[in-house]
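I opened a new structure today and kept notes as I went. Here is what I looked up.

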Amino acid sequence: MADKNEILAGLAEIVAEETGLDAAEVTLEKSFTDDLDIDSLSMMTIVTLAEEKFDVRIPDEEVKNLTTVGDAVSFIEGAQN
Amino acid sequence: MTDVVITGLGATTPLGGDVPTTWENALAGRSGVRTFDNDWAEKYDIPVNFAGQLVVQPSEVLTRPETKRMDPSAQMAIVAAREAWADAGSPDVDSDRLGAAVSSGIGGVWTLLNGWDTMKEKGAKRVLPMTVPMLMPNSPVAYVSLEFGARAGAHAPVSACASGAEAIAAGFEMIQSGRADIVIAGGTEAAIHPLPISAFAAMAALSKRNDDPASASRPYDTSRDGFVLGEGSGIVVLESAEHAAARGAKVYGRLLGLGMTADANHIAAPEPNGAGQTRAMELGLERAGLTAADIAHVNAHATSTPVGDMIEARGIRGVLGSHADQVLLSATKSMTGHLLGGAGALESVFTLLALHNRVAPPTINVTDPDPELEVDLVRDTPRDLPAEGQLAAINNSFGFGGHNVALVFGTA
């Protein structure tokens, strides 16, 4: 089971691969759309890859609630339990 | 009618990662065909263990996110399109007057089959959301349209191994009909995957010369035993002559006309008497306002198959008559392998460079020419085209399904 820091690091790696951003820019307070310029298709790709990486399920209807990187980290942390 | 000129060239091929390297290696008569650096032949019991493989992988020149979002076929098209656009001087053009026409014969076969492998191994939830935008055969042209802001239209006519030539034809029509001033046009293919290789081998279409891959593609040689799969992309920048002149663009040559026909005869085999191919060449000459006597060079489709090569060669002789004795015939697939949907576009790049530099590239591996061949074949080393006057050349492309495209190019 990954802790919050490990989830952030893993998620940042996925986002960096998908967007070309530096992983260090992917911090908890960043908004996926407003700060990281991630469109809905890229967001679904990130979700799919995160589900595999952390062995969790992120329902499609939940994705719209994941506004910031912190929201996603918290959801994944909770979903692991 | 609006005259159409070519102001930019781009390519990534088994002979090089760009046009200058590809052309230099073609003139030197080098082969881009080599044995696979993998275990496919053993693992899948595939009877063919070689192909014309890219020298420079797109991942070496594209960013990581670009390679993740594009099928290899689109990656190759983008690499070639960037080179062609820069070569054209990155023209300043109204987005609504810029078009794109880039085809693939097979489409995103790697994406499709990787997605299916993922689904079988891990289930539907692991199938990536980008799968459809990557596998669709219009994906390369859509990415080209996105990259350059081409809003006059983006087209991907699909006709197997004639696709790249048909895309250039589509670009020509866009300019001639007044829809665009510039069109980025060409073809791309990334089908060196175990499944297409096995499928082509199942048709007995591929050469099995595993012990000597560099000599396997040997159009018109009596011992030819099938085509060699290749991969890559060729892109040309088509432009109305008026637009090109207004901005003082350098011009490689002109697209004078084209002929397109269909055999309506067999799903894979060419019509035995080559009537459809011949008619395409005749229509191309007619539309170009030329006669056989004006043709100095032909870049043949010639894939190195026992049947196909001579059907085309007889057709060329039929169309050009005794003038064929003075026409320099080149079969560049002998060096690149067969790029399928990329072939007609790459060979258009070769044809334009031949006219521009007044030199016909060689055909390699022909040690014993088919005795029936009645056209002057350029073998092993390049040969000069006439140094003076206007020259014209034909580039033939034919595809499974009976598609025939003859593009007629002229010097600038």
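**Ground rules.** I am reading a predicted model, in which local features need pLDDT of at least 70, side-chain atom pairs count only at pLDDT 80 or more, and totals for chains, interfaces and linings use all residues. Residues are numbered from 1 along each chain as its sequence is written, while chains are lettered from A and ligands numbered from 1 in the order in which they are written.

**Domains of chain B.** I looked up the domain assignment first; such bounds come from an automatic or database assignment. Chain B has domain 1 (4-246) and domain 2 (257-410). Taken over C-alpha atoms, the centres of these two domains of chain B lie 20 Å apart. I then checked contacts, which require C-beta atoms, placed from the backbone, within 7 Å. In chain B, 62 residues of domain 1 touch 56 residues of domain 2.

Which element gives the largest share of the domain 1 side in chain B? I found α8(B), with eight residues. Others that supply at least two residues include β1 (4-12), α1 (19-27) and β7 (232-240) of chain B. Helices here are DSSP runs (H or I, at least four residues), as are strands (E, at least two), numbered from the N terminus. By class, I read 30 nonpolar, 24 polar and eight charged residues on that side of domain 1 of chain B. Nonpolar means Ala, Val, Leu, Ile, Met, Phe, Trp, Tyr, Cys and Pro; charged means Asp, Glu, Lys and Arg; the others, Gly among them, are polar.

**The sheet.** I traced an open, mixed sheet of eleven strands in chain B, in the order β5-β4-β6-β7-β1-β8-β15-β14-β9-β10-β12. Strands pair when DSSP finds at least two bridges between them. The edges are β5 (153-155) and β12 (376-377) of chain B, each pairing on one side only. I zoomed in on β9 (295-299) and β10 (328-330) of chain B, which are parallel over three bridges. B:Val298 faces B:Leu329 of β10(B).

**Helix pairs.** My angles run from 0 to 180 degrees between N-to-C directions, with axes fitted to C-alpha atoms over the stretch in contact. Under 35 degrees counts as roughly parallel, over 145 as roughly antiparallel, 65 to 115 as roughly perpendicular, and the rest as oblique.

α8(B) and α14 (343-357) of chain B pack at about 70°, with axes 5 Å apart. So α8(B) is roughly perpendicular to α14(B). The contact includes B:Gly164 and B:Ala165 of α8(B), and B:Gly344 of α14(B).

α4 (72-87) and α7 (139-148) of chain B pack at about 40°, with axes 9 Å apart. That angle makes α4(B) oblique to α7(B). Among the contact residues are B:Trp85 of α4(B) and B:Phe148 of α7(B). By class, the contact of α4(B) with α7(B) has nine nonpolar, two polar and one charged.

In chain A, α1 (4-19) and α2 (40-54) pack at about 140°, with axes 10 Å apart. That makes α1(A) oblique to α2(A).

**Between chains.** How many residues of chain B are in contact with chain A? I read nine, against ten residues of chain A. The chain B side has four nonpolar, one polar and four charged residues.

Methods
Contact = placed C-beta atoms within 7 Å.
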